[in-house]
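Thanks for asking me to look this one over. My notes follow below as numbered points, with the model itself placed ahead of them.

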Amino acid sequence: MKYKASFLKISSVILFNLLIIVPLHAQIDTSWPHPIPCRTRDSNNPDLFMMILGDVNTLLAQGIYYPAEDQVVLKDDKVIKNYYKEILGLPYYQPVDKTHFPAPPSGWCTWYYYYYNVTADEVKANAKWIAENLSDYGAKYVQIDDGWQRGPGTTRDWTLIHKGYFPDGMEEVASYIKSVGLVPGIWLAPHGQDNLEYVKAHPNVFLRRANGELDEDTRRWEGRYLVDPSTEETQKYMANLFETLCEWGYDYFKIDGQPPTIQEYRSKGSQMKNPTDDPVAAYRKTIETIRQTVGHDRYILGCWGIPTEGAGIMNGSRTGGDIVLGWGGFRTALRAVMAYYYQHNIMWYVDPDVMVLRSPLTIDQARVWATLQGLTGQALMATDRMMDLGQERIELLRRVYPAVNIRPLDLFPAERNKRIWDLKINHLGRQYDVLGLFNFEEDTANQMVIKWSDLGLPGNVPLHVYDFWNHEYLGSWEAGMSIELPPTSCRVLTILPGTRQIQLISTNRHITQGWVDIKELKYDVNDQRYEGISQVIKNDPYELSFVFPRDKNFQIKSASAHTKVQKELPVTFANHQGWAMAAIRSPETTEVGWEVEFESAVIYSYPTQAPTNLRVERAGLEEVNLTWNEQYYLNAGYQVYLNGELLGYTPKAKFPISGLDPKTDYTVGVATVWEDGTVSRNKAELTFSIKSMIPKTTPLNQFTPIRSGGRIGIITNQTVRIGEKDYQDGILSSPGSDITYKIKGIFDSFSAMAGIGDDSGSDNGIEFIILGDGKEIWRSKSLKKADGLKDVKVDITGVQTLVLRIDGGTDETTIESQRGSRRQRNRVQAVWIDAALILN
């Protein structure tokens with residue numbers, strides 16, 4: 001087969017004055033595995049995290065990935081073979097089989113509310129609520145987690161049902177779940193077993209030691225006894241176990257403890273009844289037996305870390321550790337997304353663990369978690385007691401269910417928590433971006449500037465911006481715009497390149513804004529009329545938001561809607577300058593045909609005046625913050641210019657500028673702008689250079705390292721003791737660590753005091769090292785606690801990148817006891833006190 005990096009094209013047909021949009025692939029993705037655009041590394045903006053939905057064509061794609069052949073063809077025609085298997089280190093890679101499960105599962109899991117105390121009554125109550133309130137939105141699965149099988153003295157006995165919690169058995173609960181239209185799921189760790197009598201009765205099923213005794217381990221998480229994957233008896237055991245679960249009525253299986261099982265098999269291949277040099281193959285045989293038993297219409301989720309050895313057999317995989325309640329739990333899920341999302345909907349469906357929306361999360365934090373799930377399309381399982389959620393949090397659920405056919409554009413792990421998530425969508429010819437902007441910090445607000453060019457969008461034409469969560473049109477602007485984010489919050493913006501026509505920019509049914517709900521769409525240019533067919537949920541007002549060319553204004557003249565049987569439905573609409581919204585309400589969940597007709601409307605314009613008192617403040621070595629006086633008179637915001645070039649729009653009287661050369665003089669200008677793009681005749685202007693604003697001495701802890709390894713900390717409002725004296729200002733590190741700073745070649749010298757903290761558990765001697773642009777420019781002698789502080793003064797003229805390194809010593813010691821020896825990691829405090837960069 002000959003590969004060519006020819007990017008996917010959009011298909012459309014124009015018939016007279018009627019534009020009929022024809023999608024290339026159905027929502028179900030029946031042509032998979034098909035080539036997809038991809039990135040194999042970050043581009044200009046390292047904060048950008050990219051996904052695609054539909055046949056997307058973007059300038060930011062660096063090549064095409066061919067999943068069936070596991071090859072990337074870059075734009076320069078370079079071919080990267082075995083991309084997932086070798087480059088990404090996934091030797092069992094196969095393209096996800098979407099035949100039976102065309103989209104990831106969406107549903108509910110018991111674990112993170114009930115833990116081990118789950119009961120049949122509570123499962124039924126939640127299932128009933130989901131059936132009545134969330135199933136029309138795509139919630140389908142009800143998965144019972146750990147706790148159903150527990151009894152006195154045992155936690156891993158799959159022959160035992162907890163009679164106190166499930167008095168009528170597991171079959172009865174599954175039957176109820178199915179009776180309300182949902183799919184029952186169940187958790188287990190099938191490779192382990194606790195029941196000694198059962199184990200003894202099956203002598204060739206479980207691992208034994210070389211002396212023939214059972215390989216019992218009371219600390220083994222999967223169960224005291226582990227199945228021997230090399231025997232036919234084990235395959236029969238697995239088949240019988242899952243036959244029973246299927247007979248009970250379960251169609252979704254979360255099989256836990258997989259990576260530790262695989263790890264143990266790797267070390268015990270020789271002690272299996274049929275010794276093997278390929279214990280992973282023996283493990284895969286057990287999973288294949290499970291698959292053969294349950295068939296291909298039942299879902300298998302591998303759990304505990306990432307059991308990549310199950311790829312090609314399992315439908316999905318957990319990618320993160322167990323979450324906790326609160327913001328820390330969200331960060332666990334976030335890290336899983338950053339590290340492993342590149343596998344999603346390509347190798348299998350990934351599961352970053354459940355979505356929690358209840359208190360102690362604030363509503364802003366809950367919205368962040370819902371946005372993470374909605375924009376990535378990963379397996380979507382709620383875990384709250386659904387009946388207890390307030391209406392605001394239920395609304396979040398409804399806007400992200402179900403998980404849809406989103407997959408990554410970025411086929412590589414992210415090394416940082418990226419804050420700009422760009423989901424590019426092509427649906428029925430509508431090509432638009434759904435942009436998630438995040439502030440993950442708990443204490444600091446953030447103002448970020450989004451450049452349209454960073455998203456692969458044109459910067460020289462107006463782009464419409466719509467706020468999904470707030471149901472609000474933000475205008476149409478060139479170049480980019482500034483967005484302010486409070487701590488632990490997000491914004492979801494729809495970005496649509498403007499045309500000379502009326503455009504549909506958003507629907508409120510789902511965060512993808514059209515993909516789930518719109519079935520047909522057409523626009524009559526001459527009659528200024530939109531027609532469509534949408535799936536509308538019962539008693540949920542369905543909103544269609546339209547935007548207009550910036551220099552024209554329209555209003556909805558009439559709007560109507562009807563069901564398939566021509567039943568008229570109530571429609572309301574609201575007209576605003578620049579945009580309009582129509583809302584349809586249906587008493588049942590059904591497909592609805594709708595029509596919205598527009599007419600010209602007056603556009604109001606207000607004369608803008610130039611801003612006053614423009615100020616600039618240094619915010620780093622490459623960034624400044626602009627501020628100016630808020631205006632008394634009416635305006636739509638401001639446009640900011642750098643050396644005459646438009647940077648973007650801001651609704652507030654402030655704007656950050658980054659990526660500057662600290663040695664260069666810049667001229668900034670700010671003009672006031674109206675909604676139609678008209679700017680004030682004059683601008684407020686000033687000229688500055690960053691270097692001129694830098695003080696003679698700058699504490700290094702004012703800078704954020706661009707990279708760090710090992711354990712580091714900045715000492716602020718706390719003390720570290722060295723030589724029985726307390727210090728309040730320093731950078732704490734540990735042996736084997738590097739701390740890297742970009743200092744842009746503008747400083748003349750570095751000064752500090754270096755020493756070992758009195759609280760260090762090890763005193764084996766540590767060397768402090770300074771590197772400038774990769775070359776060692778200073779090294780201390782080997783220092784111990786008794787040496788106190790050593791003065792450091794180093795010439796760093798012209799140095800772009802400064803590295804503080806700690807070498808030598810050890811942070812481990814050997815502890816002897818009656819039980820033998822063990823290694824203990826000790827806390828070592830290597831401290832740079834009063835570290836500063838100096839200008840002569």
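1. A term to settle before we start: contact means heavy atoms within 4.5 Å. This is a predicted model, so local features need pLDDT of at least 70 and side-chain atom pairs count only at pLDDT 80 or more, while totals for chains, interfaces and linings use all residues. Residues are numbered from 1 along each chain as its sequence is written, and side-chain values use heavy atoms, with hydrogens and water left out.

2. The protein chain has 11 helices and 56 strands; helices (H or I, at least four residues) and strands (E, at least two) are DSSP runs, numbered from the N terminus. The radius of gyration of the chain is 30 Å, close to the 28 Å that the globule rule gives for 840 residues, so the chain is as compact as a globular protein of that length. Along its principal axes the C-alpha trace spans about 90 × 90 × 55 Å.

3. Of the 840 residues, 55% count as buried, where buried means under 20% relative accessible area, exposed over 50% and partly exposed in between (1.4 Å probe, protein chains only). Among contacts between residues at least 6 apart in sequence, 73% join residues at least 24 apart.

4. Helix 4 (residues 169-179) deserves a look on screen. Its buried residues are Gly169, Met170, Val173, Ala174 and Ile177. That spacing can be read against a general rule: an α-helix has 3.6 residues a turn, so residues three or four places apart point the same way. The cover over the buried residues of helix 4 includes helix 3 (120-133), strand 9 (141-144), strand 10 (183-188) and helix 6 (232-248). After helix 4 comes glycine 181, with a positive phi near 90°.

5. Next, a hairpin. Strand 27 (residues 518-524) holds leucine 521, which counts as buried because its relative accessibility is 11%. Strand 27 runs antiparallel to strand 28 (residues 529-536), joined by 6 bridges; two strands pair if DSSP finds at least two bridges between them. Lysine 522 stands opposite glutamate 531 in strand 28. With 4 residues between the strands, the hairpin has glutamine 528 at a positive phi near 50°.

6. Where does strand 28 pair in the antiparallel sense over 8 bridges? With strand 34 (residues 590-600), where glycine 593 stands opposite isoleucine 533.

Conventions. The radius of gyration is taken over C-alpha atoms; the globule rule is 2.2 Å times the number of residues to the power 0.38.
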